[in-house]
Amino acid sequence: MSAAPSFGQAGTGAAKAYFGRRYMLSASHRLHAGSLSDEENRNVYGKCNNPHGHGHNYTIEVLTRGPVDAATGMVVNLADLDLAVETNVIERFDHTHLNNDPLFANRVPTTENLCRAVYELLTGALPAVELEHVRVEETENNFFQYSGQ
Ligand code: NI
C-alpha cells in the first residue's frame with residue numbers, strides 16, 4: 001500500500017496561485033492631448049486624432065493572485081470577480097466614448113491609460129484577492145499591461 005500523494009506541504013503558509021479572466025468591452029475614443037496644439041496632435045496621433053473618434057472591441061484581462069483557499073481550492077470565487085469587474089469597469093465604460101469619462105478629463109484615453117484606469121478602479125474593489133495586473137488587448141496585434149507601477 002503506497003501513501004497518497006500530497007502537495008502543498010513545503011514551506012509555510014498557503015500556496016499562492018494566479019487566476020485570470022477575460023472580459024469584453026466596446027468603446028470609442030479620440031486621442032488628443034490638451035497640452036499640444038492641434039497640429040502637434042495630428043502629428044503625434046495621426047488618424048487617431050480624427051475629431052469623430054473611432055471604436056475598439058477591447059479585451060480586458062484581469063489577473064489575480066492569492067492563496068489557494070484550503071476549503072474551496074480556489075484563489076477567488078469566479079462569480080465574485082465577475083461582479084466586481086462588471087460593476088466597476090464594464091458598466092462604466094462599455095458602449096461609451098472614453099473621452100467623456102471624468103477619469104480621462106486630464107488623461108488622453110490611450111489604451112495605456114485605459115489599462116491604468118481599469119487597474120485603479122479594481123484596486124481595493126476585488127473580493128479578498130490581490131490584483132496582479134490588468135492587460136488590455138486593443139487589436140489582435142496591440143496589447144498593453146499595467147501592474148500598478
Ligand atoms: Ni484607437
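Reader: Is Ala-128 buried or exposed?
Author: Ala-128 is exposed, because there are 12 other C-beta atoms within 10 Å and the cut-off for exposed is 12 or fewer. Keep in mind that this is a predicted model.

Reader: OK, and where is Ala-128 found?
Author: Look in the loop between α3 (111–122) and β4 (130–137). Ala-128 also has a positive phi of about 50 degrees, although it is not a glycine.

Reader: Switching to helices: at what angle do α2 and α3 pack?
Author: The angle is about 125 degrees, and the axes of α2 and α3 are 10 Å apart. The crossing of the two is right-handed.

Reader: Which residues meet there?
Author: From α2 you have Ala-84, Val-85, Asn-88 and Val-89, and they meet Val-118, Leu-121 and Leu-122 of α3. Six of the contact residues are nonpolar, one is polar and none is charged.

Reader: Now the sheet. What order do the strands come in?
Author: The order is β3-β1-β2-β4-β5, in an open sheet of five strands with mixed pairing. β3 and β5 (143–146) are the edge strands, so named because each of them pairs on one side only.

Reader: How many bridges are there between β2 and β4?
Author: Seven, and strand β2 (residues 54–67) pairs with β4 in the antiparallel sense. If you want to find a spot in that pairing, Ile-60 has Val-136 in β4 as its bridge partner.

Reader: And which strands do the helices touch?
Author: α2 packs on the sheet and touches β1 (16–29), β2 and β3, with its direction at about 20 degrees to that of β1. α3 packs on the sheet too, touching β2, β4 and β5, and its direction makes about 150 degrees with that of β4.

Note on methods
Residues numbered from 1 in each chain as written. Predicted model: local features only at pLDDT ≥ 70, side-chain atom pairs only at ≥ 80, totals over all residues. Helix = DSSP H or I, 4+ residues; strand = E, 2+ residues; numbered from the N terminus. Buried ≥ 20, exposed ≤ 12 C-beta atoms within 10 Å, placed from the backbone. Axes fitted to C-alpha atoms, helices over the stretch in contact; angles between N-to-C directions. Left-handed = near helix turned anticlockwise from the far one by under 90°. Contact = placed C-beta atoms within 7 Å. Nonpolar A, V, L, I, M, F, W, Y, C, P; charged D, E, K, R; others polar. Pairing = 2+ DSSP bridges.
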